[in-house]
Structures are given as C-alpha cells and as structure tokens.
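Student: Hi! Could you walk me through this one?
Tutor: Happy to, let's take a look together.

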Amino acid sequence: MALEPGERISRNLLRTLDHFIFELRTLEENPEVLGSVTLNTPGPFPAQSFQTLELNFQVGTQGIAVGGKIVVPRHFFSDSGVWQVKRPKADHYLSASASNREVELIPDSVTMSGMHGGFRGAAPQTAFRIEKVPLLSGDTVTLRLGDRSGGSRGYRIQSYSNDAAPIPLYVDLKGDGRLLTLPIRTYSVIGKSARAIHGFAPSIVGVDEPFSLNVRAEDEFRNRASGQIPGIQIFLNGKPYRILDKTEQALQIIPDLRIQRPGIHRFTFTAQNGKLKGICNPIWVEENPGDRIFWGETHGHCGFAEGQGTAEGFFRFGRDDARLDFLTLSEHDIWMDDAEWKQLNALSEQFTQQGRFIAFPGYEWTTRRSRGGHHNVIFRTAGRKRVPSQEAPTLSKLYRGLHATLPPEDVLVIPHAHQAADWRLSDPGTERLVEIMSMHGTFEWFGQKYLEQGFEVGFIGASDDHLGHPGYSSGLRGGLRQHGGLAAVFAESLTTDGVFDGLRNRTAYATSGPRILLKATLNGYSMGTRQPFRKSRTLEGRVSGESPIDLVELIKNGEVIRQKKFLTTSVKDRVFAEISFHSESDVFFGRDNPRGNRPWNGRLNVVQADLEGLTTDGIQNRRSDFARRDPDIRHKIHFRVATRGRKQGFMVELSGVTLQTQIRLSLEKGREFGAAPPRIRPSANIPAAEIVFRFQDLVDGEVTQSFRVGRHRDQVQLRIIQPKGSLDQSFSFEDNESPEPGDWYYLKILQLDGGLAWSSPFWVGGESIR
C-alpha cells in the first residue's frame, strides 16, 4: 500500500501485516502444517431449514498443543442461527469430538474482527481449547453444527440461496493467539417452497415483435423456489392468456410471444391452487420503437471478497433469476489478486451473449473516505489492466492511472455514498454516473453534491449485494433495511457497445428495484443532455409502474419546484390511511459518510374509528415483524421500521371515520445504526416520543409531524389515500421562473409501495466541465 507524504501506518495495520507474513511464511515452510477439512454434508439445504452440518478436521503435521484452539466463527453477513455450545437440547448446538479420546475439547471463545467476526469491530467467536493431551498429526476432530443427538432441532440455515455458503475455520497451533486460516468449506442453499410468482419481460417491444416471458416461482425471501410448482394461469391485461402446467421447474421461459396492439400491457399470474399470485413489469408496445430500456446492476460482490458464493453463481443469478440485461461483478480490489481478476474477465466474456446478456468486467476501487472513497470501475471489454487502490491510493492517481492505460470512452467510474466518494473531485472523461441508492440506503443528496459542483453526471441505482443475488436482492439481512436498486439505460440494442455507450451518455436512470418505465424530455431534449439556453422550459413525460403512481416531482437546482399527487384523497366514512416514516441521510459536516438508519419502533392506536385491516403487501421493506396487529387489542398495531433517506410505511383500513378520529403513535427510544466508519458525526440517540394525528387537522388529506435530530429533519406523516390508483401517468411541467444558464433539473417518481425512480438530470445552458 502506497503512503502519502507524512502519512503514518497505524499499529493495528502493522500487526495485521505481521500476521499475514507469519501465516504465509508458515505455510511456505510446511504446506501440510494446517491439515485438511472435509464437509460431509454439502447440501443443498432449503433456506431456513434446520440441518446438521458435519465437518472433519484432520490435524496437520505439527499437531496442536495443549492450550491451542480450533475456532468456528460466523460469516458476518449470515443470518443463519448463532451456534451455541452449552445447551444440547436447544437450537444451533455445536459439538466437537476428537478421535483421540484422551483429548479434551473445552468450549471457549476468541475475539475476532473482519468478515469472520465483528467485521468493523471485535466480537467473540466460538472456539474449542485443547486440554489434557495435545492433538497429534493425523488425529481428527469432528464438528457438528446443529448436533441433534441431545434433542436439538439442528442448525437453522441462512434465508438466502447460495451456491457456496462458507463455514470458516481457524486454528491456533501453539496457544499463542496466532490464528491460521484453515481451508474454507462451503455448502449450497436452495429456496423453500413457492410463495409468490414474478414475471420478467422486455420493457419496450415493437408491435407483433416476438419476445420471451420469464416466469419465476419464488419463496418469501425472493429465492428461486424448490419442490412442486402448481399450475399457473397467466393473464394479459386482466384476461386469461395461457396456462402453465404444474412442474418442478421454478424458472419457465415462454418464447415467441407477440402483442399486436400498441399501448401499455401487463402480465399477471395466479396459481391454479389459488395460493400464489404475482406481477410482471409493464411493457410498452410501440410502432417502430427506437431506443429500448435495458436493466442492469453495476455493483455487487461474491465470495472473491467478503461476500458469499462463486463468481459463476453471481453471473448465473443475474442472468437467469434476476433476468438482467447487463451486469458487473465489482469485486473489491483490496481482496482480489491477479488470478481472480483474470478469472473475472474470462467469466465476463463467457457469459456475454450479444442480444441476450452483457457482462462487463469491473472492480471496486476501495479506499478510505479521506483518500477519495469507494468507486466502481467498469470496462467496456475484457482484458483491460485494472488500477487498484494498492497502486493508486488516491482518487487523482486512479484517474491518471486509467487515462494512462486506455481511452476514457472505454471505462466508467461510478462513485457511491456508503463509503462516501469525494464529490469535490470528478473526472469528466470517465465519471459519467453516480450511484444514488443501494441496499445501504437512499442518497439522492449525494448525486446533488456532484451537480452543485458543476459536474455532468447521471443517476443510477444498484444493490451492493454481497450474497450472490445481483439485480433482485433483498437488503433485509445483515442490518440492511431496503432492497437493492437497478440501473435503467436507453440503448438501440442489447450489445456491449450499445449499453456501454448509453451509460456513458447518461441516457440512464435509477430505480430502487422496481422496473419503473420512465421517459421524459425537457424542451425536446432527453435526460442526460445539456441543451442551449432558453428562458422557457417545458418538461413532458410518462411513467408506468409496478404499483400505483403516487407522486411525480420536478427538482430544479436541488429544490422541488413542481409536483403532481395522484393518490391523496379526502376523509370519508371508510378510508385507507398511510402512515409513513422518513429520515434524512444527508451530510452536513464537511465530507462525511451518510447518516445511519433511523429506527421507528413502537405501537399505533386507533381512536374513534374501527381498524378493519393492515396492509404491508408490496411495501418494499416489509419483514415478518415489520407491522402486525396486536392479537389481544383490536385497535393496536406494533411496528418496527428503519429509514435511511427515503420513506417507509404501511396502510391501515379504517371504518366509522369522523373528524374526531385520531391515530396515536408511541415511539420507543432508539439509536441510529448502520453508518460506515470513519464518521465525523456520531450516531445519534433517538428519544421516545408520542404523536397524535387528529383527522380534523388534515390539510388536503395529510398531516405531518417533524422531528429534529441535530441538523437532520425527520418526519412522520398520516395521509388519506386511494390505493387503487393508476399504474400509468403522463405529466407536464412548465418553468419560466428565474432562468439562469446552467440550471439543472431531474424527475423523481414515487410508487404507492415506496418504489422510487429518478431520471438523470437535464441541463439548460451553461458550460460542461472539460
């Protein structure tokens, strides 16, 4: 790692380097010193099922001294059961036994950090200490995760499918605290039985043009389902269209479909047993369509670094399960060697099929915020030389290194906010897009920071998924609180050059995951373009969502100047009321990492009205405990919500409503969480609060309560809505107020279920930075 003048290496880093050198030297001097590990139960196992995983560890040539340890840590991203060593009848019991019966294996713990520990801080991990006599070379130790011999149900498997879920093991040979890494063994996880159906189709097709419909049966965690899939009735625009027979194939492709009538078309699905339903993205059928909309993911990880799964599994999921059009595996450069980079390039070439699926090679330039923050680097084609942070430790050196090795039109640099990139510095030749949302949170303000500096950048969404589920990921794991986003790009054809040029030209937009179709022009110019100065500006567009369109906003120079609300309505005897929570994630203290998640946990009581129902279906951050009715008190709801830069909420159906009706919220105290270190602003404690929403205080169908947390303004809102609004809207905005050269505009779309889309900006007049 290169150092800047005057920069000092921390003691922790020196200790880590010393340990790496010690481990490499030990293995070089004696390759058999560690021994071998065999997993007798590789799966596949259904997600969240209870199983017994059995590993055999054969001791290496040096043996393990009395006082030495075998450590069984957990992968930091796993939501599997937390194993324990004290209660044989309880879940997740972990046992250890040695072939030499004289050896005693005493339960112990070792403090670890990193991907097999507390990640950003030290945390105790399970270990077994060798006592009485040493383990000798050739002895075996059997580890049973979920040992059922004492009455345990077993070990609960993680909730997400994966082709290589890791079981890390470490050994302390001498009892001196120096842990050596044993070979990691992996098992496979598959989905559970089907709970929903989801369809994927092209966003834009021509009249009578053949296309394929992809139908996926999935479990409640968005995994591809396993087991018997019931027969499925397919509807087109609400009318019966085709029937799929029952099968054990959770992925079904229906080729050569055609639609003869221009317009907006939608497939929906209902299982013949009546238990499963699903939707498909909207389809715009056009006469002689020009550019198409293609969907992709530019930010994701696998087991190459701190994630899970193989690189092959990552690409397969993106192509087959998420039905992406383009994909990048942007592995962290600090954990990727040249052999893995070569493999990643080979896989990008292997998986690319022009007209069907484009895999771009790329990596994540990974460095601390003070050196420039995290950026994804994506290449047009394979075989390019990467410029890792080990060689280019600052952002300016990254830009210079890329320009020295290839033309700027063949590379994209995409900053993101989680480990905040330096928005004061941007290379116009390569940095054409900004990632404004991921599973970590929603950071619209981050894109605005670049625009305020005068940089011409477009907006995309991504997931930063680490679990092998790019493009269709659930962020409701590992402390995250929202699904991953997507990048949409306009291009004439699904080819390497077509998609890459579309991204570079900023004819792209961001969504929070749904395939929201958005097309707009400003004075006839498309998104991502700068047009000559005009005082009068007319923005026209249309949008088709996967949920009713709730709100369209026009943002000018960072401020909302126009909006259209489509679902807010007035009080009636029977209403649907949306309760939503919103917290700002902005940075107010210089250049900091974003504020963490703001918890909203508590209970809701309805006064002077009847609570008829609670709706969380389709809400993007729903969890099993997200919102539930009290089993004993009819008018009470318990909820657990966390927000980071966007609104989340739920709907209640009320009857007997009058102006005297009240909704009372009791919010528990809490503390922000999930912000990446290092931070200037510390995480804030959130005090408890009581909120009373009186229906007599509603103005235009809504009422809002604001809270100050330092300089951030958070909100809780009650709104009366019409939930069966239109999924398609057209809009037009005029702006003739205080026109200045260089004004920038963009659109923000909100669906009823919380799904979002943001256009890339439009610029009017002014000059581009060269």
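Tutor: Let's begin with a term: a salt bridge is a side-chain nitrogen of Lys or Arg within 4 Å of a carboxyl oxygen of Asp or Glu. This is a predicted model, where local features need pLDDT of at least 70, side-chain atom pairs count only at pLDDT 80 or more, and totals for chains, interfaces and linings use all residues. Residues are numbered from 1 along each chain as its sequence is written, and side-chain values use heavy atoms, leaving out hydrogens and water.

Student: Where do Asp743 and Arg537 lie?
Tutor: Asp743 is in strand S54 (residues 743-751) and Arg537 in strand S38 (residues 537-544), so the pair ties together parts 206 residues apart in sequence. Strands here are DSSP runs (E, at least two residues), numbered from the N terminus.

Student: Is Asp743 buried or exposed?
Tutor: Asp743 is buried, since its relative accessible area is 5%. Buried means under 20%, exposed over 50% and partly exposed in between, using a 1.4 Å probe and protein chains only. Arg537 is buried too, at 1%.

Student: Which residues are linked with them in a network?
Tutor: The network of salt bridges links Arg537, Lys556, Arg562, Asp735, Glu737 and Asp743.

Student: New topic: what about Arg292 and Glu209?
Tutor: Their side chains meet in a salt bridge, 3.1 Å from N to O. Arg292 sits in strand S25 (residues 292-297) and Glu209 in the loop between strand S16 (204-206) and strand S17 (211-218), 83 residues apart. Arg292 counts as buried at 18% relative accessibility, while Glu209 is partly exposed at 24%.

Note on methods
Helix = DSSP H or I, 4+ residues; strand = E, 2+ residues; numbered from the N terminus.
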